[in-house]
Amino acid sequence: MPLYDVEFVCHLSYAQQEALAKSFTNLHAKRFNTPRYFVNVRFNDVSNQLVFRGGHRRKYNRVILRTRAGSNRTNESYIEHCRAVVIEWERIVGNTDDGSLRTVWVMGALTTALEAGIARPKTGEEGEWLEANKPHFKELAEAGDEDFTELMKELESE
């Protein structure tokens, strides 16, 4: 249930937003062993939002990741992840004056979560959790839940 809040002041086309969402999802899934279905990416145009830094109004693009913290997630792994996010932003959006990505924040404050009535695992226990819940995921998919249909496709393709 990680949530990437992409707050932007530059123009981002739908195609760029979709490409960023897919890229951030893939980065997160690979680095933190999270099924893609659980990764959320939200875009907010903040070009008219008042933001002050050091007492002065500033406009800049930023990505804020809200995710679970855990003993197996080191500061170094988060820094590497932030750098990967910047690289993907620059590949998709560029690095112009108003188009550069100024900050990437990681907020490791997600203590726990419930998704479709299923409690999320502790960090490092994702594999066992997926196996234990696979029958329930399959049941939801067979009942027509599109999200769990996609999750089962992902799990069965691995």
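**Notebook: cavity, pocket, rings and one histidine**

I looked up the largest cavity and recorded a volume of about 30 Å³. The model is a predicted one, in which local features need pLDDT of at least 70, side-chain atom pairs count only at pLDDT 80 or more, and totals for chains, interfaces and linings use all residues. Residues are numbered from 1 along each chain as its sequence is written, and side-chain values use heavy atoms, with hydrogens and water left out.

**Cavity.** My search of the whole structure returned one cavity of 30 Å³ or more. I worked on a 1 Å grid over the protein atoms alone, where a cavity is a set of points at which a 1.4 Å probe fits but cannot get out, a pocket is an open set with protein on both sides within 12 Å along at least five of seven lines, and lining residues have an atom within 4 Å of a point. A volume is the space filled by probe spheres set on the points, with grid points joined across faces, edges and corners. I listed Met-1, Pro-2, His-28, Thr-34, Thr-67, Arg-68, Arg-73, Leu-110 and Arg-120 as the lining of the largest cavity. Sorted by class, this lining has three nonpolar, three polar and three charged residues.

For the largest pocket I noted a volume of about 210 Å³. Its lining consists of Ala-21, Lys-22, Thr-25, Asn-26, Arg-36, Tyr-37, Val-39, Asn-40 and Val-41. Two or more of the lining residues come from each of α1 (14-32) and β2 (40-45), and α1 gives the largest share, four residues.

**Rings.** I found seven aromatic pairs in the whole structure, counting rings of Phe, Tyr and Trp (its six-membered ring) whose centres lie within 6.5 Å. One aromatic cluster is formed by Tyr-37, Phe-38, Trp-129, Phe-137 and Phe-148. At Tyr-60, I saw the charged end of Arg-53 over the ring, 4.6 Å from its centre. The charged end of Arg-62 also sits over the Tyr-60 ring, 4.6 Å from its centre. The criterion is NZ of Lys or CZ of Arg within 6 Å of the ring centre and within 35 degrees of the ring normal.

**His-81.** I placed His-81 in helix α2 (residues 75-92). His-81 counts as buried because its relative accessible area is 1%, the limit being under 20% with a 1.4 Å probe and protein chains only. Its side chain makes a polar contact of 2.6 Å with that of Tyr-4; such a contact is a pair of N or O atoms within 3.5 Å, one able to donate a hydrogen and the other to accept it.

How values were computed. Phe/Tyr/Trp six-rings, centres within 6.5 Å; stacked < 30°, edge-to-face > 60°. Nonpolar A, V, L, I, M, F, W, Y, C, P; charged D, E, K, R; others polar. Buried < 20%, exposed > 50% of the residue type's maximum accessible area, 1.4 Å probe, protein only.
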